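Colleague: I'd like to learn how to read a model like this one. Could you walk me through a few features?

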Amino acid sequence: MASNLLRLTLPPPSSLHFRSGKFLDAKFSKRFFPRERRSRFQRHCSKPSFIVSNSVEISTQSFESTVESVKSVASDKPILLDVSGMMCGGCVARVKSVLMSDDRVASAVVNMLTETAAVRLKPEVEAMADAAESLAKRLTESGFEAKRRVSGMGVAENVKKWKEMVSKKEELLVKSRNRVAFAWTLVALCCGSHTSHILHSVGIHIAHGGFWDLLHNSYVKGGLAVGALLGPGRELLFDGIKAFGKRSPNMNSLVGLGSMAAFAISLISLVNPELEWDASFFEEPVMLLGFVLLGRSLEERAKLRASSDMNELLSLISTQSRLVITSSDNNTAADSVLSSDSICINVPVDEIRVGDSLLVLPGETFPVDGNVLAGRSVVDESMLTGESLPVYKEEGCSVSAGTINWDGPLRIEASSTGSNSTISKIVKMVEDAQGNAAPVQRLADAIAGPFVYTIMSLSAVTFTFWYYVGSHIFPDVLLNEIAGPDGDPLALSLKLAVDVLVVSCPCALGLATPTAILIGTSLGAKRGYLIRGGDVLERLASVDCIALDKTGTLTEGRPIVSGVGSLIYEEQEVLKLAAAVEKTATHPIAKAIVNEAEALNLETPETRGQLTEPGFGTLAEIDGRLVAVGALEWVANRFHKKNDSSDVVKLESYLDHKLSSSSLTSRYSKTVVYVGREGEGIIGAIAISDCLRKDAEFTVARLQEKGIKTVLLSGDREGAVATVAKNVGIESESTNYSLSPDKKFEFISNLQSSGHRVAMVGDGINDAPSLAQADVGIALKIEAQENAASNAASVILVRNKLSHVVDALSLAQATMSKVYQNLAWAIAYNVISIPIAAGVLLPQYDFAMTPSLSGGLMALSSIFVVSNSLLLQLHKSETSANS
């Protein structure tokens, strides 16, 4: 909405310029700016941004950088590529390297879990489609099959894509289980010879004869190893070899190299018995592949569970709808859902247009947002509001896509298309968020990039050291069973080198951040707080100061008129003029004035050239004279005629007396707006009361318990702001009143300059600059509508609950805690396990890993990271008990 109203350019140094429109001409502007006050007004108005009707265009330099950042949130549309074939952090680093090597690319984010790459091109690049195809081709040539995902796909196409991806993962999981079963059958046969030794050691002598002797045969073991390599391990080996050919080795390359090296030395030992090597080494590649494939299968299962919240969101989207076609001359009763000549047609949701009539039967999901035309029913809105009780719906009520009709049939009028429905936007935001990497991911990327080559080098160094130096310096190491029965230094060196290849785990590094981000953002969306990405999660988790707006944030945002005072006219005349001026404004106070006039059946006069100055007031021409509604000083400065201070005091005293005698409690915030008219100055005032949110006091108290500084920023008068601050528990020194949007912006900047990480919570267009300037902007979404606040914010509270600020903060902290735990584990695992695998404990403690043990540890490392991230799903809402 804001993008349609706000049009800003970069003019010469003058602070404010007007261009003539249909309703605002030179005469109007001269009267709007009295000559003797023109310079003062320009200085005053150079600070805030303006909203104007379509008839007026205004350009200003105010908040230049902030507005650009607000606009960039909505306009920045990166290219999205579907990339397959990524196995580990090294693959992610390779894909990013290929993308960033293109001169047209400004930045790229690669997500292994969702198999996507988001690419931002440089501003001068115009042919986005050509660039996308070129980048996809380069990735495919590098061994990662890629294709461009067309932006703006329909609902059905998006759902189909996700379902196909889930189906593909489930199919791969089934194949993986089959490979694991086959691999472990071979492991059992290959290691069966050891069974006889175990049974003999406990006094059982039954493992004798043909079958058991066959299992002891080295040629049989060699055949089982070949079966393991070309059977369940074939895809792994071929993928590793292919990655080597593309100069982008991955985890499969390390496992394949280790398996092939173990098999090769065993084969040489078998066909050249005069070398007297240990041929039982055939067991190692079989066991190694068994452990690796088992780990991969468990990892894939955990990753599939990690996307369960996203799949639950997608299940709320309906791809089909029932379009109702009724004759234009039909006079159907208002309460009739369908007329006798109506025709219902099943059509894809993507074909629905705003204004279409749809039929939704009991048990069905609403396919689009809309308004009820006929019928009565109750609707389950828990996915949007979190409330378990169904909501009664009848003619005139609004319904949201993704909610479920429970009781009776409803005919609705579509107010949005399928791709613009509330649930579709939620899914799109979550999908985009999972493509925005947290800055901490750069650490993992920096390590994962050269990881595979480093491990291969360490493996070569390990082999060289133990074969040429270690076995001579520490001859006792040849007595360890890893060196074989004859203490062969070649067998020892080779097994330790294979250990280094296999035990290392770039997968854990690659999965550490994206798994936690995937679960955190999906869980947040499921609970009603949309977080725009991993970078936002990281910033939110470190916030130590939260600035809160008053109207619509700490208060309900549904103010009512509680009193009208007039100096000259009847009170209804003042209300009538104010309602006419505020009719096109979107601020909650404006709506309250208009609603009061409508409730009293007042006929509002026609207006011309409405102009709104966010944070100050609204101006319009009525019957040839300008009328202003807003803050006292702003209204007074609009006109030549000045009122005596006693007139203002009289109005305030009258309204205070009226409010004190009313039934309004201390939980109400009381605001006064003034009405002025050209040639008369201030003619009256209107008292507005807005109830505090039920969770306002709890939210502030909980934030303060967490050690977070809470600050109240408001453009309202001192008395109203102080009352709210006192009721919610914010100290007077942290209370700021009569702030224009630019002053709020400046206050946020000062907090950041003093070292604070600041989050701003707001709901209106006057909060947009501050939301964009803050480290994290949090917007409350009022009545499921889009506005400048939600466009500028990096966190959106869909259910319009202030207490969700606490929940979002808690979730961000829990998510980043998991990220740091995962990274710490992945780094510590490799730092500790690789030296042990290289034999560092062998001389003193006579301990060395076998390749199969190394493979098992490597698999467990990845499983630990994914499982640890899955624990986020157990994270509880801090405010559920309060709710």
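This is a predicted model: local features need pLDDT of at least 70, side-chain atom pairs count only at pLDDT 80 or more; totals for chains, interfaces and linings use all residues.

Colleague: What counts as a salt bridge here?

Modeller: Side chains of opposite charge can pair when their charged atoms come close. The cut-off is a side-chain nitrogen of Lys or Arg within 4 Å of a carboxyl oxygen of Asp or Glu.

Colleague: And where do Glu-573 and Lys-576 lie?

Modeller: Both lie in helix α23 (residues 571–582), three residues apart, which is about one turn of the helix. Helices here are DSSP runs (H or I, at least four residues), strands are DSSP runs too (E, at least two), and the numbering goes from the N terminus.

Colleague: How many salt bridges does the structure hold?

Modeller: There are 13. One of them joins the side chains of Asp-549 and Lys-744, at 3.1 Å from N to O. That pair links distant parts of the chain, with Asp-549 in strand β18 and Lys-744 in helix α29, 195 residues apart. Asp-549 is buried at 5% relative accessible area, and Lys-744 is buried at 2%.

Colleague: Which residues are linked in a network of salt bridges?

Modeller: Asp-102, Arg-104 and Arg-138. Asp-102 is buried, with a relative accessible area of 7%, whereas Arg-104 is partly exposed at 27%.

Colleague: Now sheets. How do I read the strand order?

Modeller: Strands of a sheet pair through backbone hydrogen bonds, either parallel or antiparallel. Two strands pair here if DSSP finds at least two bridges between them. Take the open sheet of seven strands, with the order β17-β29-β28-β27-β18-β25-β26 and mixed pairing. At its edges stand β17 (529–531) and β26 (735–736), each with a single partner strand, so one side of each has no neighbour in the sheet.

Colleague: What packs on that sheet?

Modeller: Helix α29 (residues 741–753) does, touching β18 (545–549), β25 (709–713), β26 and β27 (758–762). Contact means heavy atoms within 4.5 Å. The direction of α29 makes about 160° with that of β25; axes are lines fitted to C-alpha atoms, for helices over the stretch in contact, and angles run from 0 to 180 degrees between N-to-C directions.

Colleague: Which pairs in the sheet are parallel or antiparallel?

Modeller: β17 and β29 (residues 795–797) run antiparallel, joined by three bridges, and Tyr-529 has Leu-797 as its bridge partner. β27 and β28 run parallel over four bridges, with Met-760 partnered by Gly-777. β28 also pairs with β29 in the parallel sense, over three bridges, and there Ala-779 stands opposite Ile-796.

Colleague: Which way do the side chains of a strand point?

Modeller: In a regular strand the side chains alternate between the two faces of the sheet. In β28, Val-776, Ile-778 and Leu-780 point one way, Gly-777 and Ala-779 point the other way, and all are buried. The strand (residues 776–780) is mostly covered, with five of its five residues buried.

Colleague: Is β4 enclosed or open?

Modeller: Four of the five residues of β4 (residues 79–83) are buried, so this strand is largely enclosed by the rest of the structure. Four bridges join β4 to β6 (residues 116–121), and the two run antiparallel. Ile-79 in this pairing stands opposite Val-119.

How values were computed:
Residues are numbered from 1 along each chain as its sequence is written. Side-chain values use heavy atoms; hydrogens and water are left out. Buried means under 20% relative accessible area, exposed over 50%, partly exposed in between (1.4 Å probe, protein chains only).
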